[in-house]
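Welcome, and please have a look at the model below. We will go through its aromatic pairs, its nonpolar core and one of its helices.

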Amino acid sequence: MAFVSEKRGLRADAQRNRQRVLDVAQAVFAAEGIDVPVDEIARRAGLGVGTLYRHFPTKEALFAAIVVHRVEGVAEEARALARGADPGGAFFRFFARLVEEGVAKRDFVDALGGAGGDLDRATKSARTAFRQSFADLLERAQGAGAVRADVTVEDILALIAGLHVAVRRAPDAEAIRRLVTVVTDGLAPSEPAVRLARRRKR
């Protein structure tokens, strides 16, 4: 029985260590991006590198565990918004939230865009689900006449990525709001855009 108790104690310790690594890594990746070395994450977590690797054999595996959870949550939020009564307002609120999230958490930008290699493969399913749910929200907003009909979800994601770069150079919160407003105003329907969309449908 003593042996079983020790094993249970080790499992509890291992679980705490795993959660500690995830918590620290999430904070570090969010603040500094995904280029932070694994040994630095282990140091900040107060653990040995070997302990970290027992739970996450590569940095990509660690990042993927964080990213999948976060992106799945954002995808579910987009699905819920698409079912709402005001898809246009929901779309623009969600757009602003994605910009804010990317400014506060640099790893979120890497996650949505794909960082290449094994990480792309590990997070592909979650990113695909996110893009589909965001595309559904965009389509509903376009159907409601709130967003111009000639833009795609890839266009929107490119704009968000560009804003992530631009707002980091903004001097204050007011400048950030102004930049976001310029872009969202450009997404509103305009007569030339409506005519172009109609020609494409013919």
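Is Phe91 buried or exposed? Phe91 counts as buried because its relative accessibility is 0%; buried means under 20% relative accessible area, exposed over 50% and partly exposed in between, with a 1.4 Å probe and protein chains only.

## About the model

This is a predicted model, where local features need pLDDT of at least 70 and side-chain atom pairs count only at pLDDT 80 or more, while totals for chains, interfaces and linings use all residues. Residues are numbered from 1 along each chain as its sequence is written, and side-chain values use heavy atoms, leaving out hydrogens and water.

## Aromatic pairs

A pair of aromatic rings is described by the distance of the centres and the angle of the planes. The structure holds 6 aromatic pairs (rings of Phe, Tyr and Trp, the last by its six-membered ring, with centres within 6.5 Å; planes under 30 degrees apart are stacked, over 60 edge-to-face and the rest tilted). One of them joins Phe91 and Phe95, whose centres are 6.3 Å apart and whose planes meet at 40°, so the pair is tilted. Both residues lie in helix H5 (residues 87-104), 4 residues apart, about one turn of the helix; helices here are DSSP runs of H or I, at least four residues, numbered from the N terminus. Phe95 is also buried, at 0% relative accessibility.

Phe130 and Phe134 make another tilted pair, with 5.7 Å centre to centre and 35° between the planes. About one helical turn separates Phe130 and Phe134, because they are 4 residues apart in helix H7 (residues 117-143). Phe130 counts as buried at 1% relative accessibility, and Phe134 does so at 0%. Both pairs belong to one aromatic cluster formed by Phe91, Phe92, Phe94, Phe95, Phe130 and Phe134.

## The nonpolar core

The largest nonpolar core has 46 residues (buried Ala, Val, Leu, Ile, Met, Phe, Trp, Tyr and Cys joined through side-chain atoms within 4.5 Å). Among the residues with the most contacts inside it are Ile41, Leu62, Phe91 and Phe134. Helix H4 (59-82) gives this core its largest share, 9 residues. At least three core residues come from each of domain 1 (1-57) and domain 2 (58-190), with bounds from an automatic or database domain assignment.

Beyond its neighbours within four places in sequence, Leu62 is in contact (heavy atoms within 4.5 Å) with Val21, Leu22, Ala25, Phe29, Ile41 and Phe56.

## Helix H2

Ile41 is one of the buried residues of H2, along with Val38, Glu40, Ala42 and Ala45. Just after H2, Gly46 has a positive phi of about 75°.

Methods
Helix = DSSP H or I, 4+ residues; strand = E, 2+ residues; numbered from the N terminus.
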